[in-house]
Amino acid sequence: VKDEPQHKKQGKETLNFLKNLGIRYVILDSDSNFFRINKLIQLAEGRKDCVAVVSPNRGSVVNVTDSATQLTNVLSFFGPLTSSSYVVFDSGFQYVYDRFNKKFVYMPCSADVAGCMVRTDRDFFPWFSPAGNTRGGLNFAIKLAFNPGQDARDQLYSNRINPITSRPGDGIVLFGDKTGLAFESACDRINVRRLFITIEKAIEN
């Protein structure tokens, strides 16, 4: 778990601390590798009360000028990762203003995908889809490093990667609601996995 800059003087965040707070999302930073991501998935599956949220690595999409190459890179990045309904994959990086360092930067979309789920919990219910124009908006994103077109979206979604798109009139939106499960199941949808997490948590309490 990587601390935000403002936490350095407030105490370190640990996995046990997050678990005690009931945090249901575990997010990796932009330098994640296959080993770290698979360990994160293993952690989420072991806990069974959270989902991991993962973006591709920075080099897959940032400063890559050809969209076909970006697509190939993203598909190659996620292809070998563990199949699990306790992980959510998204397609890229967003350009945002870093208010702590006072500059514009590219950062993984994973934190905002988790934010879409939190907002869905707050305004609706966990078993609603966090995607689409109503609940899937990335409110602080200025632009995307990789903005997949229709054909690319279809390829991403069929490979368990949720496209994030920027379209006139819609803004920047999480376009899919699949988990990282590699086969068809009720739990290959984010809202269904989160429904079962909610039910199991309620039974446990």
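Reader: Let's start with the rings. How many aromatic pairs does the count come to?

Author: The count comes to nine aromatic pairs. Keep in mind that this is a predicted model.

Reader: Okay, take Phe78 and Phe89. How far apart are the ring centres, and is the pair stacked or tilted?

Author: Their ring centres lie 4.6 Å apart, and the planes make an angle of 35°, so the pair is tilted. The cut-off for stacked is planes under 30 degrees apart.

Reader: And where do Phe78 and Phe89 lie?

Author: Phe78 is in helix α4, residues 67–78, while Phe89 is in strand β3, residues 87–90. The pair therefore ties together parts that are eleven residues apart in sequence.

Reader: Are Phe78 and Phe89 buried or exposed?

Author: Both Phe78 and Phe89 are buried.

Reader: What about Phe125 and Trp127, stacked or tilted?

Author: Phe125 and Trp127 make a stacked pair, with 10° between the planes and 4.9 Å from centre to centre.

Reader: How accessible are Phe125 and Trp127, then?

Author: Phe125 has 42% relative accessibility, so it counts as partly exposed. Trp127 comes out at 36%, so Trp127 counts as partly exposed too.

Reader: What sits over the ring of Phe124?

Author: That would be the charged end of Arg135, 4.8 Å from the centre of the Phe124 ring.

Reader: And which residue lies over the face of Phe175?

Author: Arg153 does, and it is 4.8 Å from the ring centre of Phe175.

Reader: New topic: salt bridges. How many does the structure hold?

Author: The structure holds six salt bridges. In general, side chains of opposite charge can pair when their charged atoms come close.

Reader: Give me one. Which residue meets Asp123 in a salt bridge?

Author: Arg122 does, with 2.7 Å from N to O.

Reader: Is Arg122 buried or exposed? And what about Asp123?

Author: Arg122 is at 62% relative accessibility, so it counts as exposed. The cut-off for exposed is over 50%. Asp123 has a relative accessible area of 42%, so Asp123 is partly exposed.

Reader: Which residue forms a salt bridge with Arg167?

Author: Asp170, and the closest N and O atoms of the two are 3.4 Å apart. Arg167 is partly exposed, at 32% relative accessibility. Asp170 is partly exposed as well, and its relative accessible area is 32%.

Reader: And how about Arg189, what does its side chain meet?

Author: The side chain of Arg189 meets Asp188 in a salt bridge, 3.1 Å from N to O. Arg189 counts as partly exposed at 27% relative accessibility, whereas Asp188 counts as buried at 11%.

Reader: Let's switch to the backbone. What is phi of Lys48 near?

Author: Phi of Lys48 is near 65°, which is a positive value in a residue other than glycine. Lys48 is found in the loop between α2 (34–47) and β2 (51–54). At 44% relative accessibility, Lys48 counts as partly exposed.

Reader: And phi of Arg160? Where does Arg160 lie?

Author: For Arg160, phi is near 60°, again positive in a residue other than glycine. Arg160 lies in the loop between α7 (150–158) and β7 (161–162).

Reader: Next, helix α8. What should its 15 residues span?

Author: At 1.5 Å a residue, helix α8 (residues 190–204) should span 21 Å. The end C-alpha atoms of α8 are 21 Å apart, so the two values agree.

Reader: Which residues are buried in α8?

Author: Among them are Ile190, Val192, Arg193 and Ile197. Asn191, Arg194 and Thr198 are buried in α8 as well.

Reader: Last one: which residues form a nonpolar patch on the surface?

Author: Tyr97, Phe104 and Ile142 do, and together they have about 320 Å² of accessible area. Ile142 is in the loop between α6 (132–135) and β6 (143–144). At 49% relative accessibility, Ile142 counts as partly exposed.

Conventions. Residues numbered from 1 in each chain as written. Predicted model: local features only at pLDDT ≥ 70, side-chain atom pairs only at ≥ 80, totals over all residues. Heavy atoms only, no water. Patch = residues over 30% accessible without salt bridge, like charges linked within 9 Å, V, L, I, M, F, W, Y side chains within 5 Å. Areas by Shrake-Rupley, 256 points an atom, 1.4 Å probe, with all protein chains shown as cover. Salt bridge = Lys/Arg side-chain N within 4 Å of Asp/Glu carboxyl O. Helix = DSSP H or I, 4+ residues; strand = E, 2+ residues; numbered from the N terminus. Buried < 20%, exposed > 50% of the residue type's maximum accessible area, 1.4 Å probe, protein only. Expected span 1.5 Å × (residues − 1). Phe/Tyr/Trp six-rings, centres within 6.5 Å; stacked < 30°, edge-to-face > 60°. Lys NZ or Arg CZ within 6 Å of the ring centre and 35° of its normal.
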